[in-house]
Amino acid sequence: RLSKGFLVKKTVNLMQEACNLKFLAENLPSIRIPRLVRVFVHGPKKFEYIVMEYVEGDLLSHCWERLDEDKKDSVCEQVAQVIATLRTVPLTRPGPIGGGLMAHRVRGLFGMYGVQAMDTIAELEAYYDKYAAFAKRFKWIPADFSSFAGKLGTEVYMAHMDWAMRNLILQADGSICTIDWGAAGAYPAHFEEYSSLMKCLIEDKDFCNRIRAKLPVDPELDE
């Protein structure tokens, strides 16, 4: 934290988050996020820095157990509304806004080390077809599954991809601010559901199950 109103983040891969924040501020201003102030690279190791607004409030991970049922439901309704709002702006190029590495903290979508952003949804489908035979061996997909071609739709939408309680700030008025957009990007709508499903298996189970109950989950994801 730099001062009462600002904080700085430092790492080697923050430009994607900066691009995501800029896109959200310009195209989806109703979603509460930290205001991006400045981005710069400094030092021999070329560390990237983001200066952004410091948002007052409690991390949801710190206060969830203290909330009553009505407040928990209100938070989850707000998250579901954010996800619905994200889907009001269709995009065509999958991956992080501005390009870069598609990476997901839950392994399965883009492998262990991620994959470079692609130009078309067809390329993304071809990427998954490449690993379909491997996935069948472990029964991750049905044995009679033929191809991903045409199954990811024709549009992608901005998705946060990491709906964990540590990434939500509960403000004094009961509203939420969503932080940590580093894994976000333009993806098929059901990728967000997959992300929530995986989160239910490893962390924030109660919270993630409540979120999933409010989303139009693809029934294939439950199989």
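This is a friendly dialogue on reading the features of one predicted model.

Me: Before we start, what should I know about the numbering and the model?

Reply: Residues are numbered from 1 along each chain as its sequence is written, and side-chain values use heavy atoms, with hydrogens and water left out. The model is predicted, so to speak of local features we need pLDDT of at least 70, side-chain atom pairs count only at pLDDT 80 or more, and totals for chains, interfaces and linings use all residues.

Me: Which strands form the open sheet that includes β8?

Reply: Strands of a sheet pair through backbone hydrogen bonds, either parallel or antiparallel. Helices (H or I, at least four residues) and strands (E, at least two) are DSSP runs, numbered from the N terminus, and two strands pair if DSSP finds at least two bridges between them. Here 3 strands form an open sheet in the order β5-β8-β11, with antiparallel pairing. β5 (90-91) and β11 (185-187) are its edge strands, each pairing on one side only. Between β5 and β8 there are 2 bridges, and P90 stands opposite Y157 in β8.

Me: Which strands make up the sheet with β9 in it?

Reply: That open sheet has 3 strands in the order β4-β9-β10, again with antiparallel pairing. β4 (58-59) and β10 (176-178) are at the edges with a single partner strand each, so one side of each has no neighbour in the sheet. Strand β9 (residues 168-170) is joined to β10 by 3 bridges; L170 has I176 as its bridge partner in β10.

Me: How many residues lie between β2 and β3 in their hairpin?

Reply: There are 4 residues between them, and G43 in the turn has a positive phi of about 90°. Strand β2 (residues 36-42) runs antiparallel to β3, with 6 bridges joining the two. F40 in this pairing stands opposite Y49 in β3.

Me: Is strand β3 largely enclosed or left open?

Reply: For this we use relative accessible area: buried means under 20%, exposed over 50%, and partly exposed in between (1.4 Å probe, protein chains only). In strand β3 (residues 47-53), 6 of the 7 residues are buried, so the strand is largely enclosed by the rest of the structure.

Me: And W140, is it buried or exposed?

Reply: W140 is exposed, at a relative accessible area of 60%. You will find W140 in the loop between α5 (132-137) and β8. Contact means heavy atoms within 4.5 Å; leaving aside neighbours within four places in sequence, W140 is in contact with F134 and A135.

Me: Which residues have a positive phi although they are not glycine?

Reply: Most residues other than glycine have a negative phi, and most peptide bonds are trans. M161 is one such case, with a positive phi of about 75°. M161 sits in the loop between β8 and β9 and is buried at 1% relative accessibility. D180 is another, with a positive phi of about 60°. D180 lies in the loop between β10 and β11, and its relative accessible area of 18% makes D180 buried.

Me: How many disulfides does the structure hold?

Reply: A disulfide is a covalent bond between the sulfur atoms of two cysteines. The test used is a pair of cysteine sulfur atoms within 2.5 Å, and the structure holds 0 disulfides. As for individual cysteines, C19 is partly exposed at 33% relative accessible area, whereas C63 is buried at 2%.

Me: How many cavities are counted, and what lines the largest cavity?

Reply: Rolling a probe the size of a water molecule over the atoms shows where empty space is left. On a 1 Å grid over the protein atoms alone, a cavity is a set of points where a 1.4 Å probe fits but cannot get out, and lining residues have an atom within 4 Å of a point. Grid points are joined across faces, edges and corners, and a volume is the space filled by probe spheres set on the points. The count is 1 cavity of 30 Å³ or more, and the largest cavity holds about 40 Å³ of space. Its lining consists of R87, Y157, M158, A159, Y187, P188, A189 and E192. β8 (156-159) supplies the largest share, 3 residues.

Terms used
On a 1 Å grid over the protein atoms alone, a cavity is a set of points where a 1.4 Å probe fits but cannot get out, and a pocket is an open set with protein on both sides within 12 Å along at least five of seven lines; lining residues have an atom within 4 Å of a point.
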